[in-house]
Amino acid sequence: MGELLDKIEKPNDIKEMEKDELRPLAKEIRQFLVHKISHTGGHLASNLGVVELTMALHLCCNLPEDKIVWDVGHQSYTHKILTGRKDGFEHLRQFGGMSGFPKQSESDCDAFDTGHSSTSISVALGLAKARDLKKQDHKIFAVIGDGALSGGMAYEAMNNAARLKSNLVIVLNDNQMSISKNVGGMSSYLGKIRTNGNYTELKEEVENALSKLPHLGDKLTSRIRGIKDLIKRIFIPGMLFEDMGLTYIGPIDGHNIHQMVTAFQSASKMKEAVIVHVCTHKGKGYRPAEKNPSYFHGVSPFNIKDGSSRHNGETAKTYTDIFSDTILEAAKEREDIVAVSAAMPSGTGLTAMASKYPKRFFDVGIAEEHAVTFAAGMAAGGLKPVVAIYSTFLQRAYDQILHDVCIGKLPVVFAVDRAGLVGSDGETHQGIFDIAYLRSMPNMTVMAPKNAWELRQMMLFALEQNTPTAIRYSRGAAWEGLQDHQQEITMGKAEWICEGQEIALLAVGNMVETAMWVREHLKAEGQKVSVVNMRFVKPIDEEVLQKIKERHSKVVTLEEGVFNGGFGEAVSAWYEGTPMRVLNIALPDQFIEHGSVIELKKKYGLDPESITQKILSWEDEDRKA
């Protein structure tokens with residue numbers, strides 16, 4: 001792909017390059033990223049924006065001894081290239097291939113496994129404390145984007161970091177989205193002065209000398225400090241950080257490698273936590289990504305020439321589309337309906353709501369905990385909040401759902417998008433725990449639709465409830481099957497799909513479609529089985545369980561979630577002590593790696609063929625017994 005890029009074979013190779021080779025190398029890296037991601041899909045705009053920033057960090061670090069912690073980690077592609085993983089981009093985010101996020105199992109240059117937002121400063125501070133207690137002296141950098149600073153955990157960490165008496169460098173990657181703009185040359189000038197070692201020493205010596213003067217010393221020191229802080233407040237945009245006790249440097253051009261290297265080296269010499277504010281442009285170097293960075297944040301395979309998707313033709317409506325249409329329809333009829341997003345209005349289908357009813361839509365940023373308790377407050381005030389958050393991110397607000405919503409039985413509706421296996425983002429993003437963690441909460445109702453029609457009905461049903469309700473639905477196209485089964489949604493009641501004998505398949509959500517395929521496979525083996533669409537994970541329809549017990553000898557539970565704490569475990573517990581035999585089909589008690597949903601279902605036995613074989617083997621064992 002590039003003559004200079006070929007020189008990068010292992011960590012720290014970039015340090016062997018000439019200064020005049022760095023800018024051409026950055027260009028080659030961008031070309032490489034655009035070319036590879038156009039085939040595999042992945043996070044493009046964010047990675048194009050941090051090419052020079054990553055290069056500057058690598059020029060200042062000796063890896064793997066020094067540590068770089070990437071917040072979220074979706075912007076670590078250049079870091080992977082510079083640590084010798086260029087060949088891994090052939091199978092980026094594919095089953096068995098390289099992860100799109102930092103992974104310690106991939107390289108000891110990845111300091112921490114990340115995937116969720118606002119964690120980097122806490123991790124880096126912990127690494128700094130470990131370094132100090134072990135009397136080591138390596139450098140530690142945390143790279144956090146301005147979007148991640150909307151998460152409260154980042155501020156909790158900065159508050160704690162202000163007490164650090166050793167070095168920690170926090171790199172604020174500001175892509176012009178929310179942090180204040182550069183106010184001019186004076187800011188950069190003062191930033192350089194304040195990081196100058198001679199200036200810092202002189203400041204300390206003057207303050208120490210003045211403090212020793214009888215009577216007047218403290219007053220003079222206080223007066224000088226007041227004047228200095230006033231000047232900083234006028235000229236330096238980072239006073240928020242200064243007031244928290246952190247030293248601030250910047251803003252700095254995030255595409256000027258020399259300036260960043262100088263700032264990082266200076267910041268690394270200070271015996272405290274330092275914020276280095278770096279301004280970058282998302283999508284830099286690829287015009288379509290520069291024009292539409294949101295679209296190219298996480299993109300499927302595309303045509304390099306114009307950025308258009310490689311997927312041609314019309315696509316079926318997704319479950320997210322169905323949710324979007326339904327909340328818009330309901331909001332038109334009811335003025336008390338409001339919607340809350342945690343920085344994902346497009347991904348969760350709330351863009352139309354935001355456009356049509358802007359006063360009733362709230363994007364709180366990457367702050368799931370606040371989103372839930374904010375919604376609880378609105379519910380307590382008489383509104384009907386709908387909180388739309390991906391399953392993997394909603395788990396960050398477990399305590400808020402439990403404590404602030406469920407205890408008060410507040411009528412908050414949780415639209416749990418991306419429930420189940422989500423594919424290429426891997427273990428940090430799989431939505432496989434929501435059944436377990438939501439089922440553990442008193443006063444919570446949990447539903448899962450079998451198809452597009454049922455999601456709409458469940459949404460309308462949930463909006464009529466006076467207690468907390470969650471609806472979990474998967475990523476991708478909404479199933480249009482079983483349209484002739486449109487039994488009215490009734491609290492806690494399942495839906496019989498097919499009547500059979502001996503074996504009953506109890507399926508949750510999108511596993512109903514799978515159950516119908518399994519039924520056909522078993523029919524070919526001469527068996528006629530029942531299929532039940534459970535609809536409600538909590539409360540479970542005990543009348544249906546009793547009916548099955550009276551007519552069948554075996555039950556198979558199907559869910560796209562972990563077994564521990566899940567639906568199948570609850571069914572097994574209900575049948576405990578009875579002659580009923582139960583086979584649970586669920587995901588194991590482990591984190592699931594990246595790969596396509598089809599590949600992962602096959603590996604973990606959730607595809608129709610694997611389930612059919614499990615059932616047949618299970619029956620053979622019974623006959624032999």
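These notebook entries record what I looked up in the structure.

**Entry 1: the chain as a whole**

I began by noting that the model is predicted. I counted 24 helices and 17 strands in the chain. Of the 625 residues in the chain, 56% are buried. I then looked at contacts with a separation of 6 or more, and 74% of them are between residues 24 or more positions apart.

**Entry 2: the nonpolar cores**

I looked up the largest nonpolar core and found that it has 61 residues. The residues with the most contacts inside this core are F323, I327, L505, V556 and I615. I also noted a second, separate core of 55 residues, which includes V34, M55, Y77 and F296.

Which residues does L505 contact, leaving aside its neighbours within four places in sequence? I listed A515, V518, R519, V529, S530, V531, V532, V556 and I615. Two of the names in that list, V556 and I615, were already in my notes on the largest core.

**Entry 3: helix α20**

I turned next to helix α20, which covers residues 511–524 and has 14 residues. From its first C-alpha to its last, α20 reaches 20 Å, close to the 20 Å expected at 1.5 Å a residue. The buried residues I recorded in α20 are M511, V512, T514, A515, M516, V518, R519 and L522.

What covers the buried residues of α20? The cover includes the strands β12 (495–498), β13 (502–507), β14 (530–533) and β16 (552–562), together with helix α24 (608–624). After α20 comes G526, and I noted that its phi is positive, near 90°.

**Entry 4: helices α21 and α22**

I compared the axes of α21 (residues 542–551) and α22 (residues 567–575), which come within 11 Å and cross at roughly 60°. I therefore described α21 and α22 as oblique to each other. The crossing in which α21 passes α22 is right-handed. On the α21 side, the contact is made by E542, L545, Q546, I548 and K549. On the α22 side, V571, W574 and Y575 take part.

**Entry 5: T78**

I found T78 in helix α4 (residues 77–82). Is T78 buried or exposed? I recorded T78 as buried, because its relative accessible area is 0% and the cut-off for buried is under 20%. Not counting residues up to four places away in sequence, T78 touches I29, L33, N47, V51 and T54.

**Entry 6: backbone exceptions**

Most residues other than glycine have a negative phi, and most peptide bonds are trans.

I noted a cis peptide bond from G250 to P251, with omega near -5°. P251 is found in strand β4 (residues 247–253). I also noted a cis peptide bond from K538 to P539, with omega near 0°. P539 lies in the loop between β15 (536–538) and α21.

For phi, I recorded R418, which is not a glycine and has a positive value of about 55°. R418 lies in the loop between β9 (413–417) and α18 (434–439). R418 counts as buried because its relative accessibility is 16%. L482 lies in the loop between β11 (469–472) and β12. L482 also counts as buried, at 15% relative accessibility.

Key. Residues are numbered from 1 along each chain as its sequence is written. This is a predicted model: local features need pLDDT of at least 70, side-chain atom pairs count only at pLDDT 80 or more; totals for chains, interfaces and linings use all residues. Side-chain values use heavy atoms; hydrogens and water are left out. A nonpolar core is a set of buried Ala, Val, Leu, Ile, Met, Phe, Trp, Tyr and Cys residues joined through side-chain atoms within 4.5 Å. Buried means under 20% relative accessible area, exposed over 50%, partly exposed in between (1.4 Å probe, protein chains only). Contact means heavy atoms within 4.5 Å. Helices (H or I, at least four residues) and strands (E, at least two) are DSSP runs, numbered from the N terminus. The expected span of a helix is 1.5 Å times one less than its number of residues. Axes are lines fitted to C-alpha atoms, for helices over the stretch in contact, and angles run from 0 to 180 degrees between N-to-C directions. Angles under 35 degrees count as roughly parallel, over 145 as roughly antiparallel, 65 to 115 as roughly perpendicular and the rest as oblique. A crossing is left-handed if the near helix is turned anticlockwise from the far one by less than a right angle, and right-handed if clockwise.
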